[in-house]
Amino acid sequence: MRKDLGSKTYLFPMPVLIIGTYDDQGLPNAMNAAWGTIRDYGIVEINLGPHKTTDNILLKKAFSIAFATKEYVKEADYVGIVSQNEVKNKLEIANFHTTKSKFVDAPIIEEFPVSLECSLIKMDENGVVLGQIVNVNATEEVLDEKGNIDVTKMHLIAYEPAGHRYLELTNVVGHAFKDGLQLKK
Ligand SMILES: Cc1cc2nc3c(=O)[nH]c(=O)nc-3n(C[C@H](O)[C@H](O)[C@H](O)COP(=O)(O)O)c2cc1C
């Protein structure tokens with residue numbers, strides 16, 4: 001038996017993206033964003049409401065995107081429920097440390113192993129932000145022997161909007177563009 005649940009904003013899983021920016025005084029900020037995806041080759045799209053982060057992005061024309069990991073669930077959630085408009089030292093409270101990107105005017109959060117460094121392409125009146133990925137920055141610990149990112153080493157988490165929970169993504173259960181070949185005649 002199947003049930004109709006009506007129109008809901010469900011998509012499983014959603015990413016836990018931590019958007020890093022600098023404010024007008026060079027103070028780093030971060031916010032949690034689940035409504036983000038790839039728009040085109042090298043181009044990310046994030047849907048943002050009006051936040052300190054959006055002010056910062058417009059000011060610096062840049063932002064970083066880190067992928068949250070299970071070691072920092074509490075901190076990732078914290079930056080999603082508190083605004084830098086109210087708490088100036090938000091990152092200090094989260095105990096996040098940052099270094100400036102070599103490529104764009106945005107901070108890289110050291111606690112997260114992978115960051116996309118993005119320059120702003122545009123932000124429209126609905127808060128749809130398009131960013132060009134200028135560089136991907138990763139810690140050596142999450143690279144495989146060929147120097148590619150091995151996500152199974154990242155302890156990556158996802159967000160699920162039905163129960164407002166964070167899940168760890170761990171098990172590899174298949175290989176894309178390959179497993180389906182078994183059924184191809
Ligand atoms: C799990 C989660 C996902 C979120 N996703 C988004 C999102 O996609 N877009 C958005 O505008 N806000 C999102 N938020 C809310 C912002 O992270 C939150 O308003 C934050 O405090 C903004 O910080 P700032 O004002 O310092 O930029 C999310 C929060 C959580 C906890």
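Two residues are in contact if their C-beta atoms, placed from the backbone, lie within 7 Å. Helices (H or I, at least four residues) and strands (E, at least two) are DSSP runs, numbered from the N terminus.

## Basis of the model

This is a predicted model, in which local features need pLDDT of at least 70, side-chain atom pairs count only at pLDDT 80 or more, and totals for chains, interfaces and linings use all residues. Residues are numbered from 1 along each chain as its sequence is written.

## Helix α1

In helix α1 (residues 52-60), the buried residues (20 or more other C-beta atoms within 10 Å of their own) are Thr 53, Asn 56 and Ile 57. They lie on the same side of α1, because they cover an arc of only 100° around the axis, taken from the directions from the helix axis to the C-beta atoms. Their cover includes β2 (17-22), β3 (28-33), β6 (62-67), β9 (114-123) and β10 (128-138).

## The three-stranded sheet

Strands in the order β1-β11-β12 form an open sheet with antiparallel pairing, where a pair requires at least two DSSP bridges between the strands. β1 (14-15) and β12 (165-168) are the edge strands; each has a single partner, so one side of each lacks a neighbour in the sheet. Between β11 (residues 157-160) and β12 there are 4 bridges, and Ile 157 is opposite Glu 168 of β12.

## Backbone features

The segment before β1 contains Pro 13, and the Phe 12 to Pro 13 peptide bond is cis, with omega near -15°.

His 164, in the loop between β11 and β12, has a positive phi near 50°. His 164 is exposed (12 or fewer such atoms), with 8 other C-beta atoms within 10 Å.
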